[in-house]
Amino acid sequence: MTERQARSGILETYLARTQRSAARYREAQEVLPGGIVHDSRRMKPYGIYGDRALGSRKWDIDGNEYVDYYGGHGALLLGHQHPEVLKAIHAQLGKGMHLAASHELEIRWARLIVDMVPSVERVRFTASGTEATQLAMRLARAHTGRSRIIRFQTHFHGWHDQAAFGVHDHLDGSASVGVLPEVAQATSVLPPNDVAAVERLIVERKDVAAVMIEPVGSSSGIVPTPPEVLSGLREVTRKHGVLLIFDEVVTGFRVAPGGVQAYYNIIPDLTTMAKIVAGGMQGGAVGGRKDILDWLDHDACQVAGREFINHHGTHNAHPVSAAAGIATLEIIRTTDACEKASATAATLRQRMNEVLEEEGVPWAVYGVHSFFNIHSNPRGDPIRPTRFDASTITVESLKARNESMLGKLRLAMLNNGVDLKGWRGGLVSSAHTAEDIEWTVDAWRKSLRALREEGELPASRSTKTAATA
Ligand code: PMP
């Protein structure tokens, strides 16, 4: 960073460092709505344009280097460009991209998933996590003959019509624009972590097919889900003959080789997967009990004298995704990659909290496994960062966050060479090192100081004696 950049504000520094990205963004607005292709890339004044990546790092088109905590939106537990994953992709590309035929890799891929994920007896591949959650809901409706899906506020399950509300907005479960009200009405969006409310609704309505949950909490743990809630949901759903769906699109093969369900030994009926399952390529899957997945088996349905679920998809079990997925899952199954990423994240959370205490900032960095989330404490609760109790985070407390300050935090971290997952925090991979942590902690301290200089943080005071909040 030049001296001039160091003296200027957060925004000015960002603009000076990312001039090529700025130019691309102007061009992009002429051809892409909003200049972007994914809502999470929306940021002010514009996001960086990525150029290349390796291990835990990535570079933008202006040549800036970042420690990457976006991790391919969670797909890259092993970091960027893992040599064995690349080798598998190249080998398959050399044989053909799409064979329009069954292929051997899809069996090996499914076998690995069945062996690794406890709830999975059969697998159907999809092209994305969104498709996986949609198919899981359809399977649940077909299997139970009931219509209603219970979801939880702020839990993300993709962007299809049954999942496109109740995450960032329409928390009351009403249809967001473009979604049919009658589709939204067949979904109930409940406050997270209230098992009694789930049971009440199941009993009252008698039309509930399934409960779907992100098992570590919304958007990978922002509003954490205590494991007792998972076991409570398992009990209640089993008692009432309702299916339990774990959306392990992010947590699968990350929290543990067998996902959250293996980690806590709480076994859902259906599991949705994507991201890591396809090793950084596109792809997803629904797995679960054979009798439920049998709704996709034409012969089984004919024998049972019932209609089968139609399911097509040009890119289901795409051979290149299968190759990347197999290579990735083999490594995860046979190494300590999940534990390593989780241990690195635990150190990172601890170190970031120490910096908060040293700098007198009453925030906290919290999370489980390889996730870290930034709590900017919008209500101004007395917090001791290193002792923060994340169960105090609620949907209500998230609503109060200061978007413009968090936007500046994001820019400040980018200025200091760290790419976070939006305002939220990030995902740690097994490729992150002790050096990455030091780099990040340094960036964190500099960013907090920059925010303070711009009047975005309360004046410095010790948080070491504050009550545990
Ligand atoms: N479920 C969860 C928990 C997710 O985090 C995501 C994506 N972030 C999805 C589903 C949707 O997956 P995809 O982006 O592959 O459609």
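Colleague: Where does N353 lie?
Modeller: N353 is part of helix α15, which takes in residues 337–359. Bear in mind that this is a predicted model.

Colleague: Is N353 buried or exposed?
Modeller: Buried, with a relative accessible area of 5%.

Colleague: And what does N353 touch, away from its sequence neighbours?
Modeller: If you skip residues up to four places away in sequence, N353 touches A364, V365, P385 and T386.

Colleague: OK, over to the ligand. Which residues surround the ligand?
Modeller: The surrounding residues are S128, G129, T130, F156, H157, G158, E214, D247, V249, V250 and K275. By type, the shell divides into three nonpolar, five polar and three charged residues.

Colleague: Which side chains have a polar atom by a nitrogen of the ligand?
Modeller: D247 has a polar side-chain atom 2.6 Å from a ligand nitrogen. For K275, an N or O atom in the side chain is 2.8 Å from a nitrogen atom of the ligand. There's a backbone case as well: a backbone N or O atom of F156 lies 3.3 Å from a ligand nitrogen.

Colleague: How much of the ligand does the protein bury?
Modeller: 80% of the 390 Å² that the ligand exposes when taken alone.

Colleague: Tell me about F156, then. Where is the place of F156?
Modeller: F156 is in the loop between β5 and α7. At 40% relative accessibility F156 counts as partly exposed, because that value falls between the 20% limit for buried and the 50% limit for exposed.

Colleague: What does F156 touch?
Modeller: Not counting residues up to four places away in sequence, F156 touches V167, E214, S219 and D247. E214 and D247 are also among the residues around the ligand.

Colleague: And how far is F156 from G455?
Modeller: They are 33 Å apart in space, C-alpha to C-alpha, and 299 residues apart in sequence.

Colleague: What about H155, buried or exposed?
Modeller: H155 is buried, with a relative accessible area of 1%. Its place is in the loop between β5 (148–152) and α7 (181–185). Leaving aside neighbours within four places in sequence, H155 is in contact with V167, P192, I213, E214, G217, S218 and T225.

Colleague: S219 came up among the F156 contacts. What's its phi?
Modeller: Positive, about 40 degrees, although S219 is not a glycine. S219 lies in helix α9, residues 218–221, and is buried, with a relative accessible area of 12%.

Colleague: Which other residue has a positive phi without being a glycine?
Modeller: H73 is one, with a phi of about 55 degrees. H73 sits in the loop between β3 (65–68) and α4.

Colleague: On to α4 itself. Which residues in α4 are buried?
Modeller: In α4, which covers residues 83–93, V85, A88, I89 and Q92 are buried. They span an arc of only 100 degrees around the axis, so they are on the same side of α4.

Colleague: Why would residues three or four places apart point the same way?
Modeller: Because an α-helix has 3.6 residues a turn.

Colleague: Which residues are exposed on the other side of α4?
Modeller: P83, K87 and H90.

Colleague: And what covers the buried residues of α4?
Modeller: The cover includes α5 (104–116) and α14 (319–334).

Colleague: Where does L99 lie?
Modeller: In the loop between α4 and α5. L99 counts as partly exposed, at 42% relative accessibility. Leaving aside neighbours within four places in sequence, L99 is in contact with Q92 and P319.

Colleague: One last area. Which peptide bond is cis, with omega near 0 degrees?
Modeller: The one from K44 to P45. P45 is found in the loop between α3 (19–28) and β1 (50–54).

Colleague: What about G47, buried or exposed?
Modeller: Buried, with a relative accessible area of 14%. G47 lies in the loop between α3 and β1, and touches Y14 and S21 if you don't count residues up to four places away in sequence. The C-alpha atoms of G47 and I36, 11 residues apart along the chain, are separated by 9.1 Å.

Key: Residues are numbered from 1 along each chain as its sequence is written. This is a predicted model: local features need pLDDT of at least 70, side-chain atom pairs count only at pLDDT 80 or more; totals for chains, interfaces and linings use all residues. Side-chain values use heavy atoms; hydrogens and water are left out. A residue is near a molecule or strand if one of its heavy atoms lies within 4 Å of it. A polar contact is a pair of N or O atoms within 3.5 Å; within protein, one must be able to donate a hydrogen and the other to accept it, and residues adjacent in sequence count only if both atoms are side-chain atoms. Accessible areas come from the Shrake-Rupley method with a 1.4 Å probe; for residues, only the protein chains shown count as cover. Ala, Val, Leu, Ile, Met, Phe, Trp, Tyr, Cys and Pro count as nonpolar, Asp, Glu, Lys and Arg as charged, and the others, Gly among them, as polar. Helices (H or I, at least four residues) and strands (E, at least two) are DSSP runs, numbered from the N terminus. Buried means under 20% relative accessible area, exposed over 50%, partly exposed in between (1.4 Å probe, protein chains only). Contact means heavy atoms within 4.5 Å. The arc is that of the directions from the helix axis to the C-beta atoms.
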